[in-house]
Number of protein chains: 2
Amino acid sequence: MLRTTTCGALTIANLGESVILCGWVQKSRDLGGMTFIDIRDRYGITQLVFNMDDNKELCESARSLGREFVIKASGLVVERSNKNLKMPTGEVEIKITALEILNAAKLPPFLIDDETDGGDDLRMKYRYLDLRRNPIRNNMILRHRMAQSVRRYLDGLDFIEVETPVLIKSTPEGARDFVVPSRMNAGEFYALPQSPQTFKQLLMVSGFDRYFQIVKCFRDEDLRADRQPEFTQIDCEMSFIEQEDILNTFEGLIRLLFKDLKGIDLPEVPRMQYADAMRLYGSDKPDTRFDMAFVDLTNLVKGHQFPVFEQAELVIGINAKGSAHYTRKQIDELTEFIKRPQIGATGLIYYRHNEDGTIKSSVDKFYDETQLKVWAELMQSEPGDLVLIMAGGTDKVRKQLSELRLEMGTRLGLRDKNKFSALWVLDFPLLEWDEESERYHAMHHPFTSPKPEDIALLDTNPGDVRANAYDMVVNGTEIGGGSIRIHDRTLQALMFKHLGFSAEEAQKQFGFLMDAFEFGAPPHGGIAFGFDRLCSIFAGLDSIRDVIAFPKNNSGRDVMIDSPSTIDEKQLKELQIKTDLR
Amino acid sequence: MLRTTTCGALTIANLGESVILCGWVQKSRDLGGMTFIDIRDRYGITQLVFNMDDNKELCESARSLGREFVIKASGLVVERSNKNLKMPTGEVEIKITALEILNAAKLPPFLIDDETDGGDDLRMKYRYLDLRRNPIRNNMILRHRMAQSVRRYLDGLDFIEVETPVLIKSTPEGARDFVVPSRMNAGEFYALPQSPQTFKQLLMVSGFDRYFQIVKCFRDEDLRADRQPEFTQIDCEMSFIEQEDILNTFEGLIRLLFKDLKGIDLPEVPRMQYADAMRLYGSDKPDTRFDMAFVDLTNLVKGHQFPVFEQAELVIGINAKGSAHYTRKQIDELTEFIKRPQIGATGLIYYRHNEDGTIKSSVDKFYDETQLKVWAELMQSEPGDLVLIMAGGTDKVRKQLSELRLEMGTRLGLRDKNKFSALWVLDFPLLEWDEESERYHAMHHPFTSPKPEDIALLDTNPGDVRANAYDMVVNGTEIGGGSIRIHDRTLQALMFKHLGFSAEEAQKQFGFLMDAFEFGAPPHGGIAFGFDRLCSIFAGLDSIRDVIAFPKNNSGRDVMIDSPSTIDEKQLKELQIKTDLR
């Protein structure tokens with residue numbers, strides 16, 4: 001045995017024991033004739049002590065150790081005179097009688113410490129050193145615990161984890177597939193799954209009743225946003241259920257995770273219609289840690305010759321409580337914010353509800369104070385509040401004001417990372433119009449069931465058809481979504497038709513699923529959670545990168561192993577493909 | 001709620017309850033004015049009863065149901081007059097008051113029954129129907145339970161499950177990689193991992209101490225044997241350990257799985273040197289459900305002018321206890337068996353130890369009975385035994401006799417699927433000579449540590465160097481293997497040199513790992529189990545195919561979804577590759 005215990009285990013209860021520890025040199029200091037070394041492993045840090053008077057050779061060899069050397073140290077557990085009660089092992093130290101260097105270490109290119117001096121590129125190149133740092137390693141432990149909790153919960157509810165294939169078939173719907181040339185079937189390709197969607201539905205047709213999988217999925221997209229080409233989902237499906245069953249089951253999962261991982265009793269998750277979310281927050285994933293809901297002023301403000309409002313389809317405002325003190329400069333900043341190309345607004349209207357009860361607006365030329373008082377009534381503004389108003393086309397202005405609302409939430413400290421607010425958003429539209437391809441796309445995916453009462457609208461007003469689809473949102477981030485699926489061949493064929501598939505194309509791409517529906521498919525539905533995203537929320541991180549052990553950068557590269565890379569001509573020959581660089 | 005309970009839940013305790021069940025029509029029969037329908041779901045089967053006299057319309061609609069129709073049935077739990085005590089639900093039936101067809105079903109192309117009339121091709125094309133059959137679905141449930149047990153055990157021992165990347169880098173060692181063209185880095189390719197080997201070693205360098213993962217791996221090999229292009233491993237690694245720690249930890253895992261999944265208390269797993277396994281059983285994965293060990297007769301039989309023995313490097317025999325009654329015809333069958341091209345032997349020598357104590361051999365021309373009695377002593381044969389002897393070059397004859405030993409084991413009923421015998425095989429050779437490439441290959445992989453006492457042999461007798469490598473074998477099948485790894489840059493570089501890598505190649509391919517070793521790598525080692533194989537053993541199957549939900553056929557095709565397939569010209573353009581069919 002190389003060691004008898006770990007560097008996190010010894011306490012005052014072990015006094016007098018002979019122990020052997022293995023680990024990394026965290027730091028070392030000489031104090032007169034003594035040398036103290038902190039030895040670190042995954043479990044903690046223990047102080048080793050060497051004394052020149054006791055054993056000169058041993059103490060000198062301890063003084064020769066560099067940071068991150070791997071050592072094996074044997075000795076006796078003794079009480080520390082200078083106790084560190086902040087550490088579990090802080091009351092003891094090990095009086096060392098034998099020391100062995102298991103491996104030397106070059107000086108790391110950055111500090112292995114909670115706060116490091118390493119930049120992103122360096123950290124990624126030496127990710128194996130970055131992973132030594134507590135914050136990063138703790139993320140991985142959190143991720144592990146999360147996976148165990150998910151499995152325990154779902155296993156307890158009779159869900160079966162089934163592995164679905166990674167080498168599947170490329171389909172034209174959705175994002176871009178990664179493909180894998182087949183050597184045995186030259187000229188043909190597998191695709192890596194964007195999700196196990198069709199397979200989990202087939203498992204329902206097979207009568208598996210309750211399926212889940214924590215599973216890697218793949219999307220070949222440009223990685224501007226916080227995305228990774230490979231990501232992990234908690235993928236679930238249930239048979240003989242209604243939407244209510246799914247919402248209850250998975251609300252239970254999320255509440256368990258909050259309890260297990262954060263010690264938080266998440267209250268019952270409120271539900272909101274998609275249409276209301278868009279109307280009140282301009283977003284299908286509103287951050288409900290704070291309210292600041294939109295108020296519709298359109299009817300109120302029309303007819304006063306103010307061109308911006310006269311031409312607008314929608315005029316909406318938010319009440320930034322207690323912000324009447326905002327200076328002209330601060331309001332200019334907000335205006336700049338919404339004028340940024342990503343948001344693209346043209347201007348901001350506002351009024352200050354002053355502490356003295358007077359109201360001062362940026363459109364005083366068009367509206368007198370009596371009129372503004374009516375606005376204030378509708379806006380429920382009080383002395384001290386600042387109301388921000390935007391106008392324009394409905395979809396556009398909602399999106400823009402949504403951004404401004406989030407910005408104000410941040411400025412007002414209403415978006416605390418340690419506060420959590422979850423929300424179900426329900427009844428998403430089934431289809432959304434795509435300007436570029438000039439056809440409807442499935443908002444969720446082509447297997448989502450329309451609401452039965454809306455099916456008749458498919459032919460006349462496809463954009464108005466609501467789906468049995470739902471998202472869970474935490475702190476303004478979509479952490480999961482799903483739907484009740486179509487389980488009837490005719491309806492599925494109709495859906496493909498509305499998505500612009502010919503009958504032949506639909507059969508070629510998804511015939512196996514539609515055929516399966518003819519052999520007794522049960523009503524079913526499911527949900528998938530973004531495991532990385534959920535983990536990043538629990539870890540209090542904005543990015544998913546540091547909850548992934550070996551992430552890729554924005555160009556899809558793993559800079560540590562230097563991948564992707566060129567491959568041998570021989571490999572290309574065997575696959576019967578050629579590169580064709582332009 | 002669509003249903004109030006499942007089809008496996010109702011017993012005599014539920015008499016008088018109003019229930020709603022959903023499921024598939026398993027079978028239906030009419031008896032006078034009554035109709036009985038067995039409704040099936042994952043949890044069981046329940047009998048529904050309809051009575052013409054009570055409700056003619058309902059009963060007639062029940063009579064219209066076909067096999068595999070999906071129905072929802074409401075009714076009252078009543079006691080059965082004709083009880084079936086073999087079924088958990090067999091004491092009750094449901095007197096139906098309302099019936100709804102949730103989905104009709106075409107007649108399935110094969111029987112959904114434990115024994116089916118469907119051939120392999122049909123079963124694979126309609127795998128979603130095949131998965132409805134109990135034996136297949138039970139395999140998947142077994143697999144699920146196995147995964148949960150593995151995780152519970154390893155989590156309990158502080159192992160952390162870490163997801164390693166699927167899109168990695170192609171390396172020339174080992175089997176053929178599947179590759180994935182990169183769009184963002186055109187002309188370059190990712191590879192799918194054959195195992196997370198280097199990543200788990202990096203996690204040890206990171207101080208993760210104990211890692212595991214149940215993980216998909218990929219190998220682009222011709223699939224003659226019972227192999228799948230994608231397969232699953234239980235992948236594990238530990239730091240600051242010696243071989244003994246690994247053997248103990250994972251023997252514990254295997255014993256737990258036997259207990260959890262089969263209710264079997266597996267005894268302590270015996271250990272055998274690789275050299276002994278080869279000498280005694282001609283195999284590095286001997287089936288130890290029976291002994292029938294090889295006996296070396298070489299010295300004994302030489303010098304009697306029998307050319308086959310005179311020219312042989314090795315003469316070995318096995319004692320087929322109680323088989324002296326084998327007829328000439330049966331012995332001819334054995335001779336045919338070993339002459340098959342896969343085995344390639346030229347002939348079989350044997351003697352019968354008759355019940356009357358006489359010994360009759362196929363080489364009586366060269367050996368008299370006195371001499372044969374000495375053979376018998378060495379072979380420990382007794383009246384009633386048949387001894388089978390082969391001769392030739394050492395490696396070849398061992399392999400051939402190993403096949404014959406297994407064949408005799410099967411014939412003698414010594415290879416019962418319900419009996420289990422596990423074995424550790426230790427101290428594998430580090431390198432094996434490859435005739436084709438005229439160089440040594442790593443027997444395990446290039447990261448395996450040689451035994452310290454054998455390192456000196458690397459330059460003089462590379463083939464004699466033993467590795468700190470071990471396999472676990474159950475019933476003659478290798479279920480897992482691993483090794484203590486190299487954790488020193490110099491030794492790793494030496495190893496690559498012996499494998500024919502130039503220093504530049506080694507740095508290009510594995511520089512990240514060798515660099516990592518310079519920053520304080522701990523001593524470490526690990527093991528990986530074939531999850532599919534282990535599952536097939538527990539399920540009593542010869543093939544891994546039916547423990548995989550959606551397997552591929554021998555040409556790497558998924559015939560259900562028809563994959564691989566051609567992809568759009570647009571996709572190829574974006575990836576900047578071309579097919580180049582010959």
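Analyst: We can begin with the salt bridge, which is a side-chain nitrogen of Lys or Arg within 4 Å of a carboxyl oxygen of Asp or Glu. This is a predicted model, in which local features need pLDDT of at least 70 and side-chain atom pairs count only at pLDDT 80 or more, while totals for chains, interfaces and linings use all residues. Residues are numbered from 1 along each chain as its sequence is written, chains are lettered from A and ligands numbered from 1 in the order in which they are written, and side-chain values use heavy atoms, with hydrogens and water left out.

User: Which residues are linked in a network of salt bridges?

Analyst: Side chains of opposite charge can pair when their charged atoms come close. Here the network links A:Asp120, A:Arg123, A:Arg127, A:Asp130, A:Arg133, A:Arg545 and A:Asp546. A search of the whole structure finds 104 salt bridges over all chains.

User: Where do A:Glu230 and A:Lys552 lie?

Analyst: A:Glu230 is in strand 10 of chain A and A:Lys552 in the loop between helix 16 (531-538) and helix 17 (569-575) of chain A, so their pair ties together parts that are 322 residues apart in sequence. Their salt bridge has its closest N and O atoms 2.8 Å apart. A:Glu230 counts as buried because its relative accessible area is 6%, and A:Lys552 because its value is 3%.

User: What joins A:Asp209 and B:Arg3?

Analyst: Their side chains meet in a salt bridge, at 2.7 Å from N to O. A:Asp209 lies in the loop between helix 5 and strand 9 (210-218) of chain A, and B:Arg3 in the segment before strand 1 of chain B, so this pair joins two chains. A:Asp209 is buried, with a relative accessible area of 1%, and B:Arg3 is buried at 9%.

User: How many aromatic pairs are found over all chains?

Analyst: A pair of aromatic rings is described by the distance of the centres and the angle of the planes. Rings of Phe, Tyr and Trp (its six-membered ring) pair if their centres lie within 6.5 Å, and planes under 30 degrees apart count as stacked, over 60 as edge-to-face and the rest as tilted. The search of the whole structure finds 48 aromatic pairs. One of them is edge-to-face between A:Phe240 and B:Trp24, with 5.5 Å centre to centre and 70 degrees between the planes. This pair crosses between chains, from the loop between strand 10 (230-239) and helix 6 (243-262) of chain A, which holds A:Phe240, to strand 1 (residues 18-31) of chain B, which holds B:Trp24. Both A:Phe240 and B:Trp24 are buried.

Methods: Helix = DSSP H or I, 4+ residues; strand = E, 2+ residues; numbered from the N terminus. Buried < 20%, exposed > 50% of the residue type's maximum accessible area, 1.4 Å probe, protein only.
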